[in-house]
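Reader: I have the file open and would like to talk it through with you. Could you start with how the terms are set?

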Amino acid sequence: MIVGFEAITHGYTTSRLTSKGKIPKGCIVTHLSPARHLSDMRIVESVGIQDPSHMRKILILTAGFGNGHNAAAFNLRDAIDLVSEDAQVEVLDLFKICYGKTNDLVKKFFLEVVEHAPKIWGGVYSMLDRSQFLNRHLKGLTKLKVALCDILKSSEPDVIVSTYPVYNYILNEIYKDHHERPFSQITVVTDSISIHSVWYNTPSDYFFVPNELSRDVLIRNGIAAEKVLSYGFPVAPRFAELRKDHQLQAPGETKRILYMINHGKKKAGRIIEELLEIPDVSLTITCGTDADLKGRLIERTSPWQDRVQVLGWTNQMPEILLNTHLVIAKAGGAFVQECLAACCPMLINQVIPGQEEGNAQLVTKLNLGEIVEDDEDIVLAVQRAFAQNNERWKTWRQALIENSRPDASLRIAEFILTECEPHEPHSKKKIFTEKINGSITAFPSVLPSKSTLLCDFHTHTNYSDGKLTVPQLVDFYGSRGFDCLCVTDHVAEKKRLVGKLANLSNLTLPWKQLPEYFDVLERERKRAWKKYSMLVMTGLEFNKDGMTKKTSSHLLGIDLKGPIHPDLDMKDLIEAIHEQKGLAIASHPHEWKTSWGKNTLYLWENQDKYADLIDAWEIANRNDIFNPVGLKRLPFVANSDFHKPKHIYSWKTLLHCEKDPDAIKACIRLNRDISITLYRDLPSMAGTAEQSVEPLAMDEPFPLPQTACA
């Protein structure tokens, strides 16, 4: 119990769509500020939420076996959200939902075999393509069948889109005794040319393929030509937006190369050094989530630091590709298609037998780049590409321009939306029109009246040490009815030893990546408001870690408009936050009792210096309550310090104010009409936080499966 606050326990658990007199779903109110009592609070319905009965319902089914399936699914979701104001679209990975840890183990085994024994995988792939094994055994996925049947019965989607072929077998089994299906079924084929028979051995109303070469494959195997549509691979809609006015200059004094390290990590350092021996090369290197490799490469390339950028995971691939002259990477399906959308020539240095062989064939048949079978030849291939005034590069570039379809996801989205209205022919309806050329309203007008807002101002993504991407985090909170979310990834002070070490890992956000971070969050802010009526703020957690707990502090900057350098001293840092009209909040300022990690007590030990400067102190962080903050009567908030899905079950902040960023910040500064709440899901949803990320949790009218259908 926190001394000095009126403490009451009501134990409300209500639905997501709140109404007057109710607290948002999953909340148990336990502490209120002295300014008002719960009975004085009221909640108004969220702005912009439409009646689900009037919305077109689209269900996209995917799986995590390879990147292409999920990439296609989420890109289509984003495209539909962009072009339609009245569509309810959700992405589900039923393998993840139904089989949980078993699915994770199978996926891990699959990825290990593909990476370390590609020839064995190639043999298995070919054998399954020729045999009837899959046809006989895919129908035995009883748990998945029951779950999908339950979803179809309760949600009644207008269109089902499958980016993973197994779902077609399950749908065929569910409706084998029905003459007509109550929805339109669309299959988005994510392979090129070497298309596995599992994609076309079961019926679908339409098959979308990435190119004409793939279309010919399906037609030769018996699919009616009018059902096979070559619209291109659904890359992120951002490619179409960025390509509108983009003009990449031919390589001149600087040749910009992107090297994506997926395999051969032991040789990568030597290849990078050989590439940098070419005097006019500027190199960007991506290492994914391998923090050790990133640290080693930063150290190894330090003599060329003005010509090298080493990245971990990035969400800015469209921007990077559109400003790159040449890519060195494996023949991954989704990535090859992104290079095609960006008109960026490729050097393919690895081809996994089976599904990636078709991607390599696409590159060679359309003359989009070159296959480099031996790593020893990569540097020679780069030199050939730019020799004789970039002659080979220009040939590749022209072929890419002729075959590029950066707007594929938007065109497929238009088609899907017209399938929701079967009486209107596709040729007569154009939903997308010129929306990509216009601006998207950041916020529609909001109700001026006050309401109770469920907020979390301390969360992390995989830009630092979190598990989820920014879009996943937004969907995770938005689908649970939160009103305000602030993303606060770590940035570390380089002046200290601990900060230097942290910056060599993937556990903090690099300074060079901050513009990307702000750009991604700006896009997600708009999407979150449109889809969930949820405010998203951009923040940072400034790590100033010393060798002891009393010399260490973490400070949250809330609702920032641009990057702030973490090397500023504490007072200057707080001033910089306030100059951007942001909030400075002391993060976990006292002793932890339940969480592992080093305590950060510097701000607490130096209250005489900082109490008047800091806007609020975390009175609760995840499962810990810091009683001294209450005893000192300091302004307070409560946050989850979210890093992974199970952290959702933690302390949160409730505010009673207008749903507006400035009103929220004013409420916290004044520290009136504020309370904290221990968040819990409804009993029927207990234990589903981990499951509901891949796929993301869904709201009505797409409930997760609870019972089997008859």
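Author: Helices here are DSSP runs of H or I with at least four residues and strands are runs of E with at least two, both numbered from the N terminus. This is a predicted model, in which local features need pLDDT of at least 70 and side-chain atom pairs count only at pLDDT 80 or more, while totals for chains, interfaces and linings use all residues. Residues are numbered from 1 along each chain as its sequence is written, and side-chain values use heavy atoms, with hydrogens and water left out.

Reader: Where does glycine 481 lie?

Author: Glycine 481 sits in the loop between α16 and β16 (484-492).

Reader: And is glycine 481 buried or exposed?

Author: Glycine 481 is buried, its relative accessible area being 13%, where buried means under 20%, exposed over 50% and partly exposed in between, with a 1.4 Å probe and protein chains only. From C-alpha to C-alpha, glycine 481 is 9.8 Å from cysteine 455, and the two are 26 residues apart in sequence.

Reader: What share of the protein's residues count as buried?

Author: Of its 710 residues, 60% count as buried. The protein has 23 helices and 24 strands.

Reader: Back to α16, then: how does α16 pack with α18?

Author: Helix α16 (residues 470-478) and helix α18 (residues 514-532) pack at about 25°, with their axes 10 Å apart; the axes are lines fitted to C-alpha atoms, for helices over the stretch in contact, and angles run from 0 to 180 degrees between N-to-C directions. That makes α16 roughly parallel to α18, given that angles under 35 degrees count as roughly parallel, over 145 as roughly antiparallel, 65 to 115 as roughly perpendicular and the rest as oblique.

Reader: Which residues make that contact?

Author: On the α16 side they are Val470, Pro471, Val474, Asp475 and Gly478, and on the α18 side Val520, Leu521, Glu524, Arg527, Ala528, Lys531 and Tyr532, contact meaning heavy atoms within 4.5 Å. They divide into seven nonpolar, one polar and four charged, with Ala, Val, Leu, Ile, Met, Phe, Trp, Tyr, Cys and Pro as nonpolar, Asp, Glu, Lys and Arg as charged, and the others, Gly among them, as polar.

Reader: What about α1 and α18, at what angle do they cross?

Author: The axes of helix α1 (residues 67-83) and α18 cross at roughly 70° and come within 11 Å, and the two helices are therefore roughly perpendicular to each other. Arg77, Asp78, Asp81, Leu82 and Val83 in α1 meet Arg527, Lys530 and Lys531 in α18.

Reader: How many of those are charged?

Author: The residues of this contact divide into six charged, two nonpolar and no polar.
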